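Student: I'm new to this one and would like a close look at a single part. Could you pick a spot in the middle of things and walk me through what surrounds it?

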Amino acid sequence: MSLSSASPTIAHLRTRPVATGHWRAFLAVARHLNFRAAAEELSLTQSAVSRQIQALEDEVGVPLFLRHTRAVELTGAGAQLQRAVGPALERIDAAVRLVRQTAGRKSVGITTWASFASMWLIPRMEEFQRDNPDIDIRIDASDNNVDLETSDVDLALRYAMPGSVAHGAQRLFGEQLAVVASPWLLKSAPPIRTPADVAQFTIIEAGDAHRAQHLEWLTWRRWFDLNGQPKLQPKRWLYFSYAQQIVQAALAGQGLALARMPLVAESLASGDLVEVLPRHRLDSPLAYWLLVGPRSAQRPEIKAFCAWLLLQAQSTRQAIGDLPDPDLNDNLD
(Lines give C-alpha, C1' and ligand atoms only; values in the text may rest on other atoms or scores of the structure.)
Protein backbone atom coordinates (compact mmCIF):
# COMPACT_ATOMS: atom_id res chain seq x y z
CA MET A 1 0.00 0.00 0.00
CA SER A 2 1.39 3.38 -0.92
CA LEU A 3 1.83 6.17 1.61
CA SER A 4 -0.44 8.43 -0.40
CA SER A 5 -3.39 6.04 -0.05
CA ALA A 6 -2.73 5.23 3.64
CA SER A 7 -2.58 8.76 5.10
CA PRO A 8 -4.15 12.19 4.53
CA THR A 9 -2.42 14.57 2.20
CA ILE A 10 0.41 16.34 4.05
CA ALA A 11 0.76 20.05 3.21
CA HIS A 12 4.23 21.09 2.25
CA LEU A 13 5.81 23.50 4.75
CA ARG A 14 6.47 26.90 3.23
CA THR A 15 10.12 27.98 3.33
CA ARG A 16 10.11 31.30 1.50
CA PRO A 17 10.35 34.53 3.58
CA VAL A 18 7.07 36.22 4.38
CA ALA A 19 6.48 39.59 2.72
CA THR A 20 6.52 42.42 5.26
CA GLY A 21 3.65 44.45 3.81
CA HIS A 22 0.92 42.94 6.00
CA TRP A 23 2.69 43.02 9.37
CA ARG A 24 1.38 46.47 10.35
CA ALA A 25 -2.19 45.33 9.74
CA PHE A 26 -1.49 42.21 11.81
CA LEU A 27 -0.10 44.24 14.73
CA ALA A 28 -3.01 46.71 14.63
CA VAL A 29 -5.57 43.89 14.80
CA ALA A 30 -3.53 42.15 17.53
CA ARG A 31 -3.51 45.36 19.60
CA HIS A 32 -7.20 46.12 19.27
CA LEU A 33 -8.55 42.59 18.77
CA ASN A 34 -11.03 44.34 16.51
CA PHE A 35 -10.89 44.67 12.73
CA ARG A 36 -12.87 47.92 12.63
CA ALA A 37 -10.63 49.66 15.20
CA ALA A 38 -7.52 48.43 13.37
CA ALA A 39 -8.87 49.76 10.08
CA GLU A 40 -9.49 53.20 11.65
CA GLU A 41 -5.94 53.30 13.03
CA LEU A 42 -4.48 52.45 9.62
CA SER A 43 -6.92 54.66 7.63
CA LEU A 44 -8.04 51.65 5.61
CA THR A 45 -11.37 49.95 5.07
CA GLN A 46 -12.26 47.02 7.28
CA SER A 47 -12.40 44.72 4.27
CA ALA A 48 -8.90 45.80 3.20
CA VAL A 49 -7.50 44.94 6.63
CA SER A 50 -9.34 41.61 6.57
CA ARG A 51 -7.83 40.77 3.17
CA GLN A 52 -4.31 41.60 4.41
CA ILE A 53 -4.72 39.34 7.44
CA GLN A 54 -6.05 36.52 5.27
CA ALA A 55 -3.10 36.91 2.87
CA LEU A 56 -0.68 36.84 5.81
CA GLU A 57 -2.28 33.69 7.24
CA ASP A 58 -1.97 32.08 3.81
CA GLU A 59 1.72 32.97 3.74
CA VAL A 60 2.42 31.73 7.28
CA GLY A 61 0.34 28.61 6.79
CA VAL A 62 -1.70 28.73 10.01
CA PRO A 63 -4.55 30.88 11.42
CA LEU A 64 -3.36 33.88 13.44
CA PHE A 65 -6.76 34.92 14.78
CA LEU A 66 -9.91 33.17 15.93
CA ARG A 67 -12.93 35.03 14.55
CA HIS A 68 -15.90 34.94 16.91
CA THR A 69 -19.26 36.62 16.33
CA ARG A 70 -18.46 39.65 18.45
CA ALA A 71 -14.76 39.28 19.20
CA VAL A 72 -11.36 38.43 17.76
CA GLU A 73 -8.78 36.34 19.60
CA LEU A 74 -5.11 35.65 18.87
CA THR A 75 -4.16 32.05 18.31
CA GLY A 76 -1.03 30.67 19.90
CA ALA A 77 0.86 31.21 16.64
CA GLY A 78 -0.50 34.76 16.43
CA ALA A 79 0.67 35.59 19.95
CA GLN A 80 4.10 34.17 19.19
CA LEU A 81 4.42 36.32 16.08
CA GLN A 82 3.17 39.42 17.90
CA ARG A 83 5.98 39.07 20.47
CA ALA A 84 8.57 38.82 17.71
CA VAL A 85 7.25 41.24 15.10
CA GLY A 86 6.26 44.11 17.42
CA PRO A 87 9.80 44.90 18.74
CA ALA A 88 11.31 44.30 15.30
CA LEU A 89 9.07 46.90 13.63
CA GLU A 90 9.72 49.34 16.48
CA ARG A 91 13.47 49.03 15.88
CA ILE A 92 12.99 49.55 12.14
CA ASP A 93 10.84 52.65 12.75
CA ALA A 94 13.42 54.04 15.19
CA ALA A 95 16.21 53.48 12.68
CA VAL A 96 14.22 55.21 9.93
CA ARG A 97 13.58 58.20 12.22
CA LEU A 98 17.29 58.45 12.99
CA VAL A 99 18.23 58.27 9.31
CA ARG A 100 15.70 60.99 8.47
CA GLN A 101 16.99 63.22 11.27
CA THR A 102 20.63 62.87 10.24
CA ALA A 103 20.18 62.92 6.45
CA GLY A 104 22.34 65.64 4.97
CA ARG A 105 23.96 66.56 8.31
CA LYS A 106 27.68 66.50 8.96
CA SER A 107 28.67 64.04 11.67
CA VAL A 108 31.68 62.34 13.26
CA GLY A 109 31.40 58.80 14.60
CA ILE A 110 34.01 57.86 17.23
CA THR A 111 34.75 54.54 18.85
CA THR A 112 36.79 54.38 22.05
CA TRP A 113 36.64 52.76 25.47
CA ALA A 114 34.39 54.05 28.25
CA SER A 115 37.01 55.35 30.69
CA PHE A 116 38.85 57.35 28.04
CA ALA A 117 35.59 58.79 26.71
CA SER A 118 34.39 59.94 30.12
CA MET A 119 37.75 61.04 31.59
CA TRP A 120 39.55 62.63 28.64
CA LEU A 121 37.40 63.10 25.54
CA ILE A 122 34.00 64.28 26.77
CA PRO A 123 35.29 66.94 29.23
CA ARG A 124 37.14 68.62 26.33
CA MET A 125 34.43 68.51 23.70
CA GLU A 126 32.57 71.66 24.69
CA GLU A 127 35.16 73.75 22.81
CA PHE A 128 34.77 71.73 19.59
CA GLN A 129 30.99 71.85 19.80
CA ARG A 130 31.06 75.60 20.36
CA ASP A 131 33.32 76.18 17.35
CA ASN A 132 31.55 73.63 15.12
CA PRO A 133 27.82 73.82 15.91
CA ASP A 134 26.87 72.19 12.60
CA ILE A 135 28.75 68.92 13.25
CA ASP A 136 27.02 66.10 15.12
CA ILE A 137 29.14 63.83 17.33
CA ARG A 138 28.38 60.15 18.01
CA ILE A 139 30.54 58.30 20.56
CA ASP A 140 30.46 54.51 20.77
CA ALA A 141 32.10 53.64 24.10
CA SER A 142 32.99 49.96 23.99
CA ASP A 143 35.92 47.69 24.79
CA ASN A 144 35.45 45.93 21.44
CA ASN A 145 37.63 47.00 18.51
CA VAL A 146 35.48 48.22 15.63
CA ASP A 147 36.55 47.62 12.03
CA LEU A 148 36.79 51.10 10.51
CA GLU A 149 36.69 49.69 6.98
CA THR A 150 33.27 48.07 7.34
CA SER A 151 31.47 50.00 10.10
CA ASP A 152 29.83 53.42 10.06
CA VAL A 153 32.37 54.73 12.59
CA ASP A 154 34.80 57.33 11.28
CA LEU A 155 37.70 57.17 13.72
CA ALA A 156 38.97 55.18 16.68
CA LEU A 157 40.85 56.22 19.81
CA ARG A 158 42.79 53.26 21.16
CA TYR A 159 45.21 52.28 23.91
CA ALA A 160 47.93 49.88 22.86
CA MET A 161 51.60 49.00 22.52
CA PRO A 162 53.35 50.76 19.60
CA GLY A 163 53.89 47.50 17.75
CA SER A 164 50.26 46.40 17.92
CA VAL A 165 48.47 49.35 16.33
CA ALA A 166 47.40 49.46 12.70
CA HIS A 167 49.52 51.12 10.04
CA GLY A 168 48.85 54.83 9.82
CA ALA A 169 47.88 55.25 13.48
CA GLN A 170 48.82 58.61 14.96
CA ARG A 171 50.30 58.63 18.44
CA LEU A 172 48.47 61.10 20.65
CA PHE A 173 50.54 60.70 23.81
CA GLY A 174 52.24 58.12 25.98
CA GLU A 175 51.78 57.75 29.69
CA GLN A 176 53.36 57.46 33.08
CA LEU A 177 51.74 56.05 36.18
CA ALA A 178 51.61 58.18 39.31
CA VAL A 179 50.47 57.58 42.88
CA VAL A 180 47.55 59.94 43.55
CA ALA A 181 45.15 60.62 46.40
CA SER A 182 42.58 63.17 47.48
CA PRO A 183 44.08 66.06 49.50
CA TRP A 184 41.76 65.54 52.45
CA LEU A 185 42.76 61.88 52.74
CA LEU A 186 46.40 62.94 52.97
CA LYS A 187 45.59 65.54 55.63
CA SER A 188 44.00 62.91 57.85
CA ALA A 189 46.80 60.33 57.56
CA PRO A 190 50.51 60.04 58.36
CA PRO A 191 52.79 61.68 55.76
CA ILE A 192 54.04 59.66 52.80
CA ARG A 193 57.78 60.19 52.38
CA THR A 194 58.98 56.83 51.05
CA PRO A 195 57.46 54.01 49.00
CA ALA A 196 57.14 51.91 52.15
CA ASP A 197 54.73 54.46 53.63
CA VAL A 198 51.94 53.51 51.21
CA ALA A 199 51.41 50.37 53.30
CA GLN A 200 49.45 52.53 55.74
CA PHE A 201 46.72 53.10 53.17
CA THR A 202 44.09 51.25 51.18
CA ILE A 203 45.42 50.56 47.69
CA ILE A 204 43.07 50.89 44.70
CA GLU A 205 43.71 48.73 41.62
CA ALA A 206 42.09 47.26 38.50
CA GLY A 207 40.72 43.84 39.33
CA ASP A 208 41.56 42.42 35.90
CA ALA A 209 45.04 43.93 35.52
CA HIS A 210 46.68 40.50 35.95
CA ARG A 211 44.58 38.85 33.23
CA ALA A 212 46.32 40.53 30.31
CA GLN A 213 50.10 40.60 29.93
CA HIS A 214 50.30 44.21 28.74
CA LEU A 215 48.18 45.43 31.68
CA GLU A 216 50.74 44.01 34.13
CA TRP A 217 52.59 47.28 33.51
CA LEU A 218 49.82 49.10 35.40
CA THR A 219 49.91 47.09 38.63
CA TRP A 220 50.86 48.11 42.11
CA ARG A 221 52.92 44.93 42.43
CA ARG A 222 55.21 46.16 39.66
CA TRP A 223 55.45 49.56 41.40
CA PHE A 224 56.39 47.80 44.66
CA ASP A 225 59.05 45.71 42.93
CA LEU A 226 60.66 48.64 41.13
CA ASN A 227 60.69 50.69 44.31
CA GLY A 228 62.45 48.06 46.41
CA GLN A 229 59.35 46.82 48.24
CA PRO A 230 58.64 43.36 46.73
CA LYS A 231 57.01 42.03 49.91
CA LEU A 232 55.01 45.11 50.85
CA GLN A 233 51.38 44.47 51.77
CA PRO A 234 49.05 47.47 52.07
CA LYS A 235 46.41 48.01 54.71
CA ARG A 236 43.69 46.88 52.31
CA TRP A 237 43.09 46.23 48.60
CA LEU A 238 40.17 47.81 46.74
CA TYR A 239 39.50 46.50 43.22
CA PHE A 240 37.50 48.00 40.35
CA SER A 241 36.90 47.10 36.72
CA TYR A 242 37.56 50.45 35.02
CA ALA A 243 40.09 53.28 35.23
CA GLN A 244 37.26 55.75 35.73
CA GLN A 245 36.09 53.87 38.83
CA ILE A 246 39.62 53.74 40.24
CA VAL A 247 40.05 57.50 39.92
CA GLN A 248 36.56 58.16 41.28
CA ALA A 249 37.40 56.11 44.38
CA ALA A 250 40.62 58.09 44.83
CA LEU A 251 38.71 61.38 44.46
CA ALA A 252 36.33 60.15 47.16
CA GLY A 253 39.25 59.57 49.52
CA GLN A 254 38.95 55.80 49.59
CA GLY A 255 42.66 55.11 49.09
CA LEU A 256 45.74 55.58 46.93
CA ALA A 257 45.49 54.95 43.19
CA LEU A 258 48.23 54.21 40.68
CA ALA A 259 46.70 56.40 37.99
CA ARG A 260 47.40 56.95 34.30
CA MET A 261 48.73 60.50 34.04
CA PRO A 262 46.86 61.47 30.83
CA LEU A 263 43.55 60.60 32.48
CA VAL A 264 44.15 62.52 35.74
CA ALA A 265 46.15 65.53 34.50
CA GLU A 266 43.10 67.81 34.82
CA SER A 267 42.32 66.58 38.33
CA LEU A 268 45.91 67.18 39.39
CA ALA A 269 45.93 70.67 37.87
CA SER A 270 42.71 71.60 39.69
CA GLY A 271 43.92 70.21 43.02
CA ASP A 272 41.17 67.59 43.25
CA LEU A 273 43.95 65.00 43.35
CA VAL A 274 47.49 65.27 44.67
CA GLU A 275 50.42 63.33 43.29
CA VAL A 276 52.24 61.40 46.02
CA LEU A 277 55.93 60.53 45.63
CA PRO A 278 56.36 62.33 42.26
CA ARG A 279 59.91 61.01 41.93
CA HIS A 280 58.56 57.48 41.82
CA ARG A 281 56.46 57.57 38.67
CA LEU A 282 56.45 54.52 36.43
CA ASP A 283 56.94 54.67 32.69
CA SER A 284 54.40 52.68 30.70
CA PRO A 285 55.06 51.22 27.24
CA LEU A 286 51.41 51.76 26.31
CA ALA A 287 50.25 54.81 24.37
CA TYR A 288 47.08 56.44 23.09
CA TRP A 289 46.42 56.41 19.36
CA LEU A 290 44.17 57.92 16.71
CA LEU A 291 43.05 55.84 13.72
CA VAL A 292 40.97 57.34 10.92
CA GLY A 293 38.75 55.18 8.71
CA PRO A 294 39.86 55.08 5.06
CA ARG A 295 36.41 56.07 3.82
CA SER A 296 36.20 59.07 6.16
CA ALA A 297 39.65 60.68 6.03
CA GLN A 298 38.89 63.28 3.33
CA ARG A 299 35.61 64.60 4.74
CA PRO A 300 35.97 68.19 6.00
CA GLU A 301 34.27 67.48 9.33
CA ILE A 302 36.64 64.57 10.01
CA LYS A 303 39.66 66.74 9.21
CA ALA A 304 38.33 69.45 11.53
CA PHE A 305 37.78 67.03 14.39
CA CYS A 306 41.19 65.39 13.98
CA ALA A 307 42.92 68.78 13.92
CA TRP A 308 41.16 69.74 17.14
CA LEU A 309 41.95 66.36 18.69
CA LEU A 310 45.67 66.69 17.92
CA LEU A 311 45.74 70.10 19.59
CA GLN A 312 44.14 68.59 22.69
CA ALA A 313 46.71 65.80 22.63
CA GLN A 314 49.53 68.33 22.41
CA SER A 315 48.15 70.08 25.49
CA THR A 316 48.04 66.75 27.36
CA ARG A 317 51.62 65.93 26.36
CA GLN A 318 52.76 69.26 27.75
CA ALA A 319 50.80 68.74 30.98
CA ILE A 320 52.30 65.32 31.67
CA GLY A 321 55.79 66.04 30.32
CA ASP A 322 55.51 63.45 27.56
CA LEU A 323 58.45 63.52 25.14
CA PRO A 324 57.73 60.79 22.58
CA ASP A 325 60.34 59.03 20.52
CA PRO A 326 59.98 60.61 17.05
CA ASP A 327 60.85 57.26 15.47
CA LEU A 328 57.61 55.78 16.80
CA ASN A 329 55.36 57.83 14.55
CA ASP A 330 56.10 59.94 11.50
CA ASN A 331 52.59 61.44 11.62
CA LEU A 332 52.86 62.97 15.07
CA ASP A 333 51.87 66.62 14.93
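Tutor: Let's start with helix H10 (residues 261-270), where Met261, Pro262, Leu263, Val264, Ala265 and Ser267 are buried. Buried here means under 20% relative accessible area, while exposed means over 50% and partly exposed is in between, using a 1.4 Å probe and protein chains only. Helices (H or I, at least four residues) and strands (E, at least two) are DSSP runs, numbered from the N terminus.

Before going on, a word on the source: this is a predicted model, in which local features need pLDDT of at least 70 and side-chain atom pairs count only at pLDDT 80 or more, whereas totals for chains, interfaces and linings use all residues. Residues are numbered from 1 along each chain as its sequence is written, and side-chain values use heavy atoms, with hydrogens and water left out.

Back to the helix. What covers the buried residues of H10? The cover includes helix H6 (114-131), E6, helix H9 (243-251), E9, strand E11 (282-292) and H11. Just after H10 comes Gly271, with a positive phi of about 90°.

Now take E9 from that list. Strand E9 (residues 256-260) is mostly covered, with five of its five residues buried. Leu256, Leu258 and Arg260 point one way from E9, Ala257 and Ala259 point the other way, and all are buried. E9 also has partners, and two strands count as paired if DSSP finds at least two bridges between them. With strand E6 (residues 170-181), E9 pairs in the antiparallel sense over four bridges, and Ala178 stands opposite Ala259 there. With strand E7 (residues 202-206), E9 pairs in the parallel sense over two bridges; Ile204 has Ala257 as its bridge partner in E9.

The C-alpha atoms of Ala178 and Arg279 are separated by 9.1 Å, though the two residues are 101 apart along the chain. Arg279 is found in the loop between strand E10 (274-276) and E11, and at 82% relative accessibility it counts as exposed.

In soluble globular proteins, nonpolar side chains tend to be buried together. Of the 61 residues in the largest nonpolar core here, Leu121, Leu155, Leu157, Val198, Trp223, Leu256 and Phe305 touch the most other members. Helix H11 (residues 300-320) gives the most to this core, with eight residues. Contact means heavy atoms within 4.5 Å, and Phe305, leaving aside its neighbours within four places in sequence, is in contact with Val108, Ile110, Leu121, Phe128, Ile137 and Leu155. Apart from this core lies another, of 19 residues, among them Leu27, Val72, Leu74 and Val85.

Gly271 had a positive phi, so let's finish with that topic. Most residues other than glycine have a negative phi, and most peptide bonds are trans. Leu33 is not a glycine, yet it has a positive phi of about 50°. Leu33 lies in the loop between helix H2 (23-32) and H3, and is partly exposed, with a relative accessible area of 36%. Ser43, also a residue other than glycine, has a positive phi near 60°. Ser43 lies in the loop between H3 and H4 and is exposed, with a relative accessible area of 66%.

Conventions
A nonpolar core is a set of buried Ala, Val, Leu, Ile, Met, Phe, Trp, Tyr and Cys residues joined through side-chain atoms within 4.5 Å.
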